[in-house]
Amino acid sequence: MKTRWWLRVGAVFAVLALAAAACGDNGDDKAEEERKIEAKPATDRLVIGSLRAETGSLAFLGPPVIVGTDLAIEDVNAAGGVLGQQVELLTGDEGEDAARVSDSLSRMLGEGANAIVGAMASGQTQEVIQGLSDEEIPECSPSNTSTVFGDQTNANFYFRTVPPDAAVAPVFADKILADGRGNIAVVARQDDYGETLLQETVSALQSRGATVAAQVTYDPDTTTFDSEVEEITAANPDAVVVVSFAEGGPLVSGLLEAGLTPNQLYGGDGIFYPAFGEEVDPDNPNVIDGMVLIGATGGTDFNTRLNEALPRNEKGNFIYGGQAYDCVVLLGLAAEAAGSVSGPDVIAQVEAVSAGGTDCATFAECKALLAQGQDIKYIGESGPWNIVRERGSGDPTLGRYAIAVARGGTLEQIGQQDVDLAQIGG
């Protein structure tokens, strides 16, 4: 059961109605809590609060988003900051429960954050989106791929630099067919993420003339994949698309043991990280060498820069890093264009600085054009995407994806593909 919490800002923040469904066997609901936090006075300085996955099942996504955000703050401040002042960055762990994300956000708002990058998980964003809408705080997520945000009435202060899940399906299909595969199985988690991507990938493959040999779903809480492996291998596919998170490690292990080779396996953003091989075989992580992984990232040049700044054990983990970078830059440019850090003023300029005017590729270049009174179109590290706010929320019109291969405990980028959502009905 999803939970909701609401922020109220005056002299204090009151975070009300923080309730979560109990995970234990008794099913009792947790008691409602109320917290109050002293509000920091309004400021004319842009203060960005970054909700990032430092713990929890999506913590593997954290490093590229953290580094991408830091690089953007560095570049923005090197160009003189926003409205003549250096941008301040606050950080908080979103975790994977309502209490953690709401506590982190409440603290950052109490410390003066007037814009938010994150949350990373779509479910965690749902926990805070109403409160941010109520308090008119702009929010940009680099990694929310759920299809539901576009039609939400409470997403009026929300935008994202990553497209919904459906956008990656053509990239899977094009790469698989380019590799000479024609009889493909798709296996996915039984949840919104998995089933949406399964359906879209099947459609993309079939529209390109490929045969879909099997469509298999599994319970994310399962502990064995014997039946799924048997069903897949019985279809005799020459490629398998795996839509999973870390729990898919044993599934991939089973497919390899059944005779499939790593270069017949394709994975999505849920396993786009160098350490996934450890989930498959802790004693031999290189067992997946040759497996192709596809995920939303910045462009090749930016990913090279990001990779240089990542810790040694995270080399090749650049998923959503470019999208995080662009969230920061877009918020800064929108504030510059508005001449204000007020939430309504900033969110009103997001579409303008991303969708029209003179092309510019860096914060410094775009800022200079704004100072000359020109309209701009920021061509981002994960764009150009033209943020469109037709239905209240802001969705990009383009998705940028890296194609990588697992090699020697890292991911090596071997290609990049941009997807125009208009061409796939996005």
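I worked on a predicted model, where local features need pLDDT of at least 70, side-chain atom pairs count only at pLDDT 80 or more, and totals for chains, interfaces and linings use all residues. Residues are numbered from 1 along each chain as its sequence is written, and side-chain values use heavy atoms, with hydrogens and water left out.

**Disulfides.** I looked for cysteine sulfur atoms within 2.5 Å and found two disulfides. One joins Cys140 to Cys327, S to S 2.0 Å. Its S-S torsion is about -70°, so this disulfide is left-handed. Cys140 sits in strand E6 (residues 139-141) and Cys327 in helix H10, 187 residues apart. Strands are DSSP runs of E, at least two residues; helices are runs of H or I, at least four. The other link pairs Cys360 with Cys366, sulfur atoms 2.1 Å apart. I read 105° about that S-S bond, a right-handed link. Cys140 and Cys327 are buried, and so are Cys360 and Cys366. Buried means under 20% relative accessible area (1.4 Å probe, protein chains only).

**Helix pair.** I then checked H1 (residues 62-78) against H10 (residues 321-338). They pack at about 35°, axes 7 Å apart. Axes are lines fitted to C-alpha atoms over the stretch in contact, and angles run from 0 to 180 degrees between N-to-C directions.

**Aromatics.** I paired rings with centres within 6.5 Å; planes over 60 degrees apart count as edge-to-face, under 30 as stacked, the rest as tilted. I counted seven aromatic pairs. Tyr218 and Phe225 are edge-to-face, 5.1 Å centre to centre, 75° between planes.

Technical notes:
Rings of Phe, Tyr and Trp (its six-membered ring) pair if their centres lie within 6.5 Å; planes under 30 degrees apart count as stacked, over 60 as edge-to-face and the rest as tilted. Buried means under 20% relative accessible area, exposed over 50%, partly exposed in between (1.4 Å probe, protein chains only).
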